[in-house]
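Please look over the sequence and the model first.

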Amino acid sequence: MAGEHLGKINFETKGSMIMGHFHAMANPCLIIIEHQSINKKIDLIKKSMFQMAAEVWRIEQKYSRYLENSALSKINNANGAKVPIDPETYQLLNVADILWQESNGMFDISSGVFRKIWTFDNQQNIPSQTEIDSVLEYVGWDRIKLDKESLQLEQNMQIDFGGIGKEYAADRCASLAPESLGKSVLVNLGGDVVAKGPRNNLLNWDVGIESKSGRKVWKNVPLGSGAIATSGDVYKSITYKGKRYSHIINALTGYPTLEAPSTISVAAPNCVEAGMLSTLAMLQGENAENFLEDSGRPHWIQR
Amino acid sequence: MIRLITCILMTLSLGACSSASVKPWERGNLAKSSMTFGYDSMIDSTDDHIYFSKEATSGGRSFGAGGCGCN
Amino acid sequence: MQLKNSNKIALAAAGLLGAVNTAQVSAADWDHEASVLYYGESDGRVQDGSIKYKGKRTNDDDNVLTLNLGIDTLTGSSPSGIAPSGDVQVVATPSGGSTTTYQANKLTLDDTFLDTRVDLGASWDQSILDENTRLNVGASLSKEYDYLHLGVSGGVSRELNNNNTTLSLGLAYSADTIEAVGNTPVPLADISAAKGSSDESKDTLDFVVGVTQVLSKNSILQLNYGLTQADGYLNDPYKRISRVDSSGKIVQNLNESRPGDRLGHNIYGALKHNFSDNVLSTSARLHTDDFGIDSVTLDTKYNINLGNRRSIEPHIRYYHQTAADFYAPQLDATAPIPEFASADYRLAEFDAYTLGATYRFGGRKGREWRVTGELYSQNPKREKLTASQAGLDANPGFDALLLSIGVKF
């Protein structure tokens, strides 16, 4: 079951565009390449898409919580021992560190353990304070020892790259498109979008942000080059006793952020930066707008 | 995560066609490998070679066969 | 809460993206294709196994280098041209030095053919003058025990009308050397007569002009006109023809003889039409030459898309040719020997049918696999022999099976 999607791409042609649909990181993914002479380039385009998707699958498998031998599992199963890490993992952890600092500890990649008690699917009750306290014992980025070559978690701590991994994969995927195929390349990994350059004839890509009801496009954003990342919880949220709890857990309190917007989309030169800003903004709850104003990046918020 | 829908607008209207000239953005189906002449050139040239050895005609889609002492 | 330092965020993102430096998909990229093929005829006739490879390298400037390599191994037997007879015949083999025994009342098959053939080719394709005009040049070589082929080719193509029309022109020249085993037989001499020179040459010039035209979003047409002029040794050094008397007795066996030049023309038209997910490819070719051979070829394939990178494509082909002017299954011993005569079954009048299918499916890492199975049936027109040879067929025709597996990667 786990690896069935690996290596599979469905191709579709529309005008002078080729679209490659595939599945990765539990999301529907899409690469679009538009080129004047796609007839001549068709083999190279398809081959490149396989190589670009392979990079996404590589990152997915390397940081998979479900694969025993993944780099992430080796870290999470170390039982308190020091684990060697490569430059890629170190840089991802550095991004996690900046997010922890900038959010004053509200974003913490060791807070994944909360998913045991906050399931967000038809959850009728919210966990008790005792339950939350018992999980909080194993959360705390400040307790992690990180240097350029190694990482050491305390026993029973777990980390994951949710909120960082998909955006990183989107940037990496787009960067692998060969120069000879031009700049009209768009990558969409389940809502994290990167455009290498505009469409043919310098037209912009029309990126549609889904409405919070999930059934239509709320807004069309023209994207020439760069990235748009979206945080949101249309499908995953709890309404309990009249209060709406978003699915991003505040690592300091163990509770989901209250009064967070339904969706936040941010544009930035790359998807990692866009994703960092939208995640941090979500944690600001009712202050999301101010936060993003300060960032200076274009943003769209649905409440 | 919300899925972003990527909508592609066909901004240029098709207008009146002059001499059935197909515009670049209409060439989707023509780009299919099965719609491209010579896409399967290896099996085509193998077939051509076999027919050249067993029949008295050669050529058509490309040059006459590359020569052999076929019996 | 204020954003403490948006620069810090931008820097962290940049640091992450700059960290891992894997090579980009190389712009100068290779496409490879390989296939294995088996061809086998009925009645213990020819069997052929081959392996082929083709590599194509496209670089940043859209220049294309193509290399191909193939190896064929041929075994089995082939009709000698000697007439079937009620008597057992013992004749010299084409290579000389030994004899073959042909059974009575049977097709006279020569099983002395066992050969391996290697062929190599290279071509270069690039744009010249502007992006709509392209030039291609190529060279080819093939070698088997008794045959050497050397060839060069060149052509130009031009796109017009927003890539809706492509005009192309091509020229190819081959210089072949036939080194018949046991030396070249003298045409129309007795098969056991002394042989002639050790090698002969044949030159061929091919010219093709064509147009490919987009008819609609779903249709594309190709029309070609081709001309072939061959000069030199056009005989098959191993084929014979018998002189038979009225009582059906073979009086003498002669080496065959064909003219020293051959000029042929052909017109070819092909149409591809896309029906939502499926594609129909159909073509027709008409040929005529001064050997007196006229032929028509009709070919149709229908590619059915099964989804998930799989497709199935049934295929039918019909071919009919008239006999060469100098073809005869055997010669009348009482009549003068004509200037040219050949009993080669490939110059006879026949219908041929092909029925087959190709199944394609996608593999890992973008590979495309192809499995093809085809049945070929050659049905010659029954030629009348002498009354005493009644019941014997000089050219019964044959069936053949073709199986092939290929992969693009």
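Which residue in strand 16 of chain A stands opposite A:Thr263? A:Gln302 does.

## Basis

This is a predicted model; local features need pLDDT of at least 70, side-chain atom pairs count only at pLDDT 80 or more, and totals for chains, interfaces and linings use all residues. Residues are numbered from 1 along each chain as its sequence is written, while chains are lettered from A and ligands numbered from 1 in written order.

## The sheet

Eight strands of chain A form an open sheet, ordered 1-2-3-7-8-11-15-16, with antiparallel pairing. Strands (E, at least two residues) and helices (H or I, at least four) are DSSP runs, numbered from the N terminus. Two strands pair if DSSP finds at least two bridges between them. The edges are strand 1 (10-14) and strand 16 (299-302) of chain A, each pairing on one side only.

Strand 15 (residues 263-268) of chain A joins strand 16 of chain A over four bridges, in the antiparallel sense.

## The helix pair

Helix 5 (residues 165-175) and helix 6 (residues 271-283) of chain A pack at about 160°, with axes 8 Å apart. Axes are lines fitted to C-alpha atoms, for helices over the stretch in contact; angles run from 0 to 180 degrees between N-to-C directions. Helix 5 and helix 6 of chain A are therefore roughly antiparallel (over 145 degrees; under 35 is roughly parallel, 65 to 115 roughly perpendicular, the rest oblique).

Among the residues that meet are A:Glu167 and A:Tyr168 in helix 5 of chain A, and A:Cys271 and A:Val272 in helix 6 of chain A. Contact means C-beta atoms, placed from the backbone, within 7 Å.

Technical notes:
Contact = placed C-beta atoms within 7 Å.
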